[in-house]
Every structure is written in structure tokens, then in C-alpha cells.
Amino acid sequence: MSQFRRITATALSASLVFSGMAYAAPSALIGTEQVAAAVAPAAQPESRARLLGTLERADLVATLEARGVSVSDVRSRVDALTDAEATQLMAQIDQAPAGADIVGVLFTIFIILLVTDILGLTKVFPFTRAVR
Amino acid sequence: MTVRRRAPRCWRTGAALWLAAAAILPGCALLADPPQTAALRMAAPADLPPRFERDEVPFFPQTPLHCGPAALATALADVGLPADIAALSEAVFLPAREGSLQIEMLSGARRQGGVATRLPGELTALMREVAAGHAVVVLLNLGLDFAPRWHYAVVVGYDLPAGELILRSGTERRDFLSLRTFEFTWARGGRWAIAVLPPGGLPVTALEADAVDGALGYGRVGAPAQTARAWGAVRQRWPVNLVAAMGLGNALHAAGDLAGAARAFEDAAQQHDSAAAWNNLARTRDSLGDRGGAREAATRAVARAQLAEPQWLPQALQTQRELEPKAP
């Protein structure tokens, strides 16, 4: 029974992984993303990585799940990315800016931001107005 | 509002001291305008209306952390696409980062049926989009590099004489931000801006590569007929773009319009002598019942692949093999 389960699980996860691939290359035509990757400037270091899209996607699913994305959403989130985007997201997921509109500031940073707000360099506090 | 007006005056008296202290350190650079703002103050583009505000853009006040979904909802609702904050949060919010990443803002928009296209990092580009009737989603770093405060907002208007931008931002329906402060905070966020339009529309200032990326991304989730519209718009503006022609052909093929697909592949094949285009043309002609034309295209695909595009050789040879007359 457990062997049956293992086989079913393997088949299911394989079909999930390859469902994205089937989408990218319909009916034996050469896919648009493949063409785009081929015409991209050769200097682009990611163009090689683009070919690894399918493997990257499985990794990305696990990476997003580890960062709190629910299992039911993660597939469609990853499927909506192009190969280039998936590669980029995988590489930057912990460094890229995350628009969040919140900041935990220490007092010194609070003072600095207050000054820069007044100078019009930043806009952290709703009560400040730039001098010019 | 009165609080907002009164508070700065208090700060302004104290500000002189801070200002003196802060200005000594890095010189007077802090008080200078950033480059694009300075250029706009010197001379605004003549073809740009001096002030413009799109008051009709809807407003979704954000809850804490969810400025990304709120900004996306604003842009989507503005073009009549579904803008459900809960669904958008599921699509873009990343719990561990307590925010939304730029790449997922693009994919989140396309999952609701919008083509998200990057805009050039120029203030004038944002204003041109607003004047053309498009809402512009921007990423700002409201804080500093070492103490970032990332924030998504939507530019809906500008006032050049007053030197201000008008944004749907946070819980403010009309947030006025001076051009100077906007440019500083925008530059600190990498000058990232996107427009979200239904397939078939294109931002007026989009660069060719960004328009291609937008349609390419939309093709991941869009229905074939809609994807064909997106590529059609790119192709109309850049008629000799190979990826756009291939995208149009592939989308039309997937939508069942084989004759239209053949036309797009024919154009791409003739303009670029691309092995991929010849290959897809061969397949499409075969599906249309044109065996002779299909073989001819397959021969061109193999020839071109052997000559200059080896990456398509396996597919081209496969196509040629499948089109060979079967031995009795």
C-alpha cells in the first residue's frame, strides 16, 4: 500500500512539475519564450539559466512555501512567471525590495529620517513637510 | 488636515538647526534638486500639459503591509479589471518578507487579466502616461538605503508649476508629493514603474524590450486569443520585432486561427530568415493541409539552422522528418 502511495505521489508531483512545461510549448511549435531567450543579448548571464526553467520552478515552489505562501496558491504564482522571472525571483527572493510600508526604527535612525524628511530627501513620517 | 498643516511649522523652526548640521557633512548637495527635477524646473517638455489629474482613478486604502495589493487593485480597477484585494494579496504578498516583490507585482497583475509593462525610469515618462490616461504603479523607498521603507503607490496626476505629483498612496486618496522628494525616494527604489493595461493596450512611453517582456509574461496565464491581442499591439508599434511576430503566431495558433498564425510566421520568416519562424510556419502550413508549402518551409528552417541558428536544428530536423512522405 505504501509503495502504491509512493508511486502515486511521484507520478503526481512529476505531472505537476511538467504541467508548466507543456504550457510553454504547445503542439510542437517553438515557444515564444524560447525565441525570446535566444534573441536576448548573449552577454546576459541569465540566458543560460533560462534553459533550466523547469528545474528552477520546482525549487521556487519549495522556496516560496518556506516563506509562508500557502500550498494552494504557490503553483499558480510560480506558473504565472516567465522562465527569466522565475530565475530572477529565485536569486533575489531574500534581497529584493519588498514593498511593505513599515519600518522598525531605532532612535538615531528616527532622528536622521526626521532630518532627511524635512530636507525632502525622504518621506517617512506623515507629519513632516519638506522645507522646499 | 489642519494637524498636517500646523505640524510642519513647528518642525521648520527646529529644522534650521538640523539643516545646518546636516548640510555641513555632505556639503550643499542635500539641498540641490535631483537631476530630473532640476531639468523639469529649467524647462518642461512643451508637449506635456502643465497640470493633469485623473480624479476618476479609484482608491483602495491599504491595510498595514499591503500597499502592494492596494496599488495593484487601484491600477486594475482603473482599467475595469477585477480588483479583489484578498485575491491580490494571495497572489503577491510574501509573508516571510512582510511585503510584495516587484516580479510578483507583474505576475499578480497578469493573473487578473492585465498586461503589466515596465516604464522608463524618467519623471516625464510617468507624466506622459498619466496624461495619456494610464495609472502608474511606482515603488518608492521612503526611507534611506540603510533604513529602507519600501512603499508602492499609484501616480494619478501632476502639477508642474507647483512641482508636485499626486498619488493614491497608503490611506491618502490624494497624496501630494513634491517632485524633488518623489525623485529621491523613487531613485532609491530603483526608478521602478509599471502601467497595467488590458491586452491590446500599450503604455505610450514603453520601450520595445519592456513591451515584449510584458506580453511574454501575459502569455503565461492569458487565454490565447487575449495573448494574441497583446502581441498584436506590440507588433503594430514595432513591426519588425521577431519575438512579437512569433508570439502573435503562437498565440493565434493556440487560439485555433491557423491562417492568421501562418501569416505571422510568414512575416517573421521573411523579415528575419529565422529558423524558428520557418519551423513554426512548416508546422502550421501542415495543419492547414498545405503539405508542399510545409516541406518548403521545413527545408528553409533546416538550412537556416545549419547556417546560423544551431539551437533550432533538432526541432527543424524533427519537423522535416515528420513531413517526409511515408514509404508505402
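This is a predicted model: local features need pLDDT of at least 70, side-chain atom pairs count only at pLDDT 80 or more; totals for chains, interfaces and linings use all residues.
Residues are numbered from 1 along each chain as its sequence is written, and chains are lettered from A and ligands numbered from 1 in the order in which they are written.

**View 1. The two domains of chain B.** Domain 1 of chain B covers 19–197 and domain 2 covers 211–323; these bounds come from an automatic or database domain assignment. Where the domains touch, eight residues come from domain 1 of chain B and ten residues from domain 2 of chain B (two residues are in contact if their C-beta atoms, placed from the backbone, lie within 7 Å). On the domain 1 side, helix H5 (102–111) and strand E4 (115–118) of chain B each supply at least two residues. That side of domain 1 has three nonpolar, two polar and three charged residues. Here Ala, Val, Leu, Ile, Met, Phe, Trp, Tyr, Cys and Pro count as nonpolar, Asp, Glu, Lys and Arg as charged, and the others, Gly among them, as polar. Helices (H or I, at least four residues) and strands (E, at least two) are DSSP runs, numbered from the N terminus.

**View 2. Where chain A meets chain B.** Now look at the contact between the chains, which takes 49 residues from chain A and 71 residues from chain B. Several elements of chain A each supply at least two residues to its side, including helix H5 (71–79), helix H6 (83–92) and helix H7 (107–118). H2(A) gives the most to this side of chain A, with six residues. By class, the side of chain A that touches chain B divides into 29 nonpolar, eleven polar and nine charged residues.

**View 3. Helix H2 of chain A against helix H8 of chain B.** The axes of H2(A) and H8(B) (residues 208–221) come within 10 Å and cross at roughly 150°. Axes are lines fitted to C-alpha atoms, for helices over the stretch in contact, and angles run from 0 to 180 degrees between N-to-C directions. That angle makes H2(A) roughly antiparallel to H8(B) (angles over 145 degrees count as roughly antiparallel). The crossing is left-handed, meaning that the near helix is turned anticlockwise from the far one by less than a right angle. A:Thr32, A:Glu33 and A:Ala36 in H2(A) meet B:Val212, B:Leu216 and B:Gly219 in H8(B).

View 4. Three strands form an open sheet in the order E1(A)-E3(B)-E2(B), with antiparallel pairing (two strands pair if DSSP finds at least two bridges between them). E1 of chain A and strand E2 (93–94) of chain B stand at the edges, each with a single partner strand, so one side of each is left without a neighbour in the sheet. E1(A) and strand E3 (residues 99–101) of chain B pair over two bridges, and A:Gly99 stands opposite B:Ser100 in E3(B).

**View 5. A hairpin in chain B.** Strand E7 (residues 164–169) and strand E8 (residues 172–178) of chain B pair in the antiparallel sense over five bridges. B:Glu164 has B:Ser178 in E8(B) as its bridge partner. The hairpin has two residues between the strands, and B:Gly170 takes a positive phi near 60°.

View 6. Helix H9 (residues 224–237) and H10(B) pack at an angle of about 155°, with their axes 8 Å apart, which makes H9(B) roughly antiparallel to H10(B). H9(B) passes H10(B) in a left-handed crossing. Among the residues meeting there are B:Trp231 in H9(B) and B:Leu248 in H10(B). This contact has twelve nonpolar, three polar and one charged residues. Follow H10(B) (residues 242–255) to H11(B) (residues 258–272): their axes come within 7 Å and cross at roughly 160°. That makes H10(B) roughly antiparallel to H11(B), again with a left-handed crossing. Residues taking part include B:Met246 in H10(B) and B:Phe265 in H11(B). By class, this contact has ten nonpolar, four polar and one charged residues.

Note on methods. Angles under 35 degrees count as roughly parallel, over 145 as roughly antiparallel, 65 to 115 as roughly perpendicular and the rest as oblique.
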